[in-house]
Amino acid sequence: MTMANTLPTTMRAIEISTPGGPEGLTLCERPVPTPKADEIVIKLAYAGVNRPDALQRAGLYNPPPGASDLPGLEGAGEVVAIGAAVSEWRIGDQVCALLPGGGYADYVATPAAHALPVPKGLSLKEAACLPETFFTVWSNVFMRGGLQAGERFLVHGGSSGIGTTAIQLARAFGARVFATAGSAEKCKACEGLGAERAINYHDEDFVELMKAEGGANLILDMVGGDYIPRNVRALAMEGRLVNIAFLQGSKAELNFAQVMMRRLTLTGSTLRPQSDAAKAKIAEALMAKVWPLVEAGQVGPVMHSEFALAQASQAHALMETNAHIGKIVLKL
């Protein structure tokens with residue numbers, strides 16, 4: 001193991017003292033982690049705040065075996081310790097990384113293969129907002145969903161961190177992009193990012209609008225519930241539906257004759273439980289195909305607000321209002 005000269009033995013962290021509401025997030029002191037052979041330790045400057053963090057806080061999303069019990073799935077900072085088997089990073093490198101957990105802390109350990117260099121032109125604050133959403137969107141929209149140039153792509157929750165990323169990437173790779181959102185302001189933001197049409201779901205029916213366009217070739221959905229049969233109706237012949245979350249529940253009644261007759265594909269995934277090797281492949285693809293777009297200014301994070309680490313509960317409370325557009329970060 002290689003380490004920076006003066007690492008402390010303890011650090012500040014946010015732990016889930018009581019599963020439930022945002023008030024269960026409390027400041028604590030923990031040992032600074034040491035890297036396994038294939039890991040690096042990052043001194044974090046910023047950590048992203050994401051929906052899975054809130055689910056874990058509520059007691060609905062346990063970390064995978066061996067992962068930190070602390071919330072936090074992405075961050076950016078400086079490499080301060082390197083495991084014995086790691087050759088791609090050096091002490092002092094600035095990186096952003098997908099984390100198995102533990103991001104709400106001054107220091108975090110993560111597999112070296114899940115880190116990416118901070119893109120040229122981006123601050124550490126901006127870079128901290130990339131990993132969770134970019135890994136999720138790339139793996140689900142492009143690797144699993146197979147989005148192609150010229151196809152009609154619909155993303156629900158277009159003003160969320162996932163949505164703002166999906167709109168930009170789909171547009172950058174030549175798709176026709178549609179999005180749903182819950183206010184005129186959010187719809188305007190989606191169109192500003194590259195959606196040719198944003199649908200206010202309070203006023204309009206996305207099924208009818210997509211049918212009028214010929215149906216969606218691909219839909220990315222994190223809503224679930226009664227959106228599932230509506231998504232099926234909104235798909236074009238041989239369309240694909242990818243589910244990545246279920247804000248309105250994971251159960252729905254569905255007429256599978258539609259799936260057969262129109263040769264539809266229904267799939268989905270979660271990112272955190274996937275193997276280290278699977279996440280490393282996503283990181284490689286992002287480095288090759290997406291990082292050049294970020295460095296060229298074609299794609300980037302949409303920032304909403306910043307909170308101090310000790311204000312993690314306020315950050316979670318804001319996220320659960322759904323009032324934000326883009327990403328919320330914690331400053332370490």
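# Sheets, cores and a buried loop residue

Helices (H or I, at least four residues) and strands (E, at least two) are DSSP runs, numbered from the N terminus. The model is predicted: local features need pLDDT of at least 70, side-chain atom pairs count only at pLDDT 80 or more, and totals for chains, interfaces and linings use all residues. Residues are numbered from 1 along each chain as its sequence is written, and side-chain values use heavy atoms, with hydrogens and water left out.

**Strands around S6**

- Strands S6 and S8 (residues 115–117) run antiparallel and are joined by three bridges; two strands pair if DSSP finds at least two bridges between them.
- S6 also pairs with strand S5 (residues 74–82), in the antiparallel sense and over five bridges.
- In that pairing, Glu-74 stands opposite Leu-98.
- Four of the five residues of S6 (residues 94–98) are buried, where buried means under 20% relative accessible area, exposed over 50%, and partly exposed in between (1.4 Å probe, protein chains only).

**The six-stranded sheet**

- Strands pair through backbone hydrogen bonds, either parallel or antiparallel.
- An open sheet with parallel pairing is formed by six strands in the order S11-S10-S9-S12-S13-S14.
- Strands S11 (197–200) and S14 (265–268) stand at the edges with a single partner strand each, so one side of each has no neighbour in the sheet.
- On average, neighbouring strands of this sheet are turned by 20° against each other, direction ignored; axes are lines fitted to C-alpha atoms, for helices over the stretch in contact, and angles run from 0 to 180 degrees between N-to-C directions.
- S9 and strand S10 (residues 176–181) run parallel, joined by four bridges, and Arg-152 stands opposite Arg-176 in S10.
- Helix H4 packs on the sheet and touches S9, S10 and strand S12 (216–221), with its direction at about 170° to that of S9.
- Helix H5 (residues 184–193) lies across S10 and S11, running at about 165° to S11.

**Ser-159**

- Ser-159 lies in the loop between strand S9 (152–155) and helix H4 (161–172).
- Ser-159 is buried, with a relative accessible area of 7%.
- Leaving aside neighbours within four places in sequence, Ser-159 is in contact (heavy atoms within 4.5 Å) with Thr-164, Lys-186, Cys-190, His-324, Ile-325 and Gly-326.

**Nonpolar cores**

- A nonpolar core is a set of buried Ala, Val, Leu, Ile, Met, Phe, Trp, Tyr and Cys residues joined through side-chain atoms within 4.5 Å.
- The largest nonpolar core has 51 residues, of which Phe-134, Phe-153, Leu-220, Leu-286 and Trp-291 touch the most other members.
- Helix H9 (residues 276–295) gives the most to this core, with eight residues.
- Apart from this core lies another, of 17 residues, among them Phe-206, Met-210, Val-223 and Leu-241.
- Beyond neighbours within four places in sequence, the contacts of Trp-291 include Cys-96, Leu-116 and Phe-134.

**Helix H3**

- Helix H3 (residues 131–144) is largely enclosed by the rest of the structure, because twelve of its 14 residues are buried.
- The buried residues of H3 include Phe-134, Trp-138 and Phe-142.
- After H3 comes Gly-146, with a positive phi near 65°.

**Charges over rings**

- A charge sits over a ring if NZ of Lys or CZ of Arg is within 6 Å of the ring centre and within 35 degrees of the ring normal.
- The charged end of Arg-230 sits over the ring of Tyr-227, 5.1 Å from its centre.
- The charged end of Arg-272 sits over the ring of Tyr-61, 5.7 Å from its centre.
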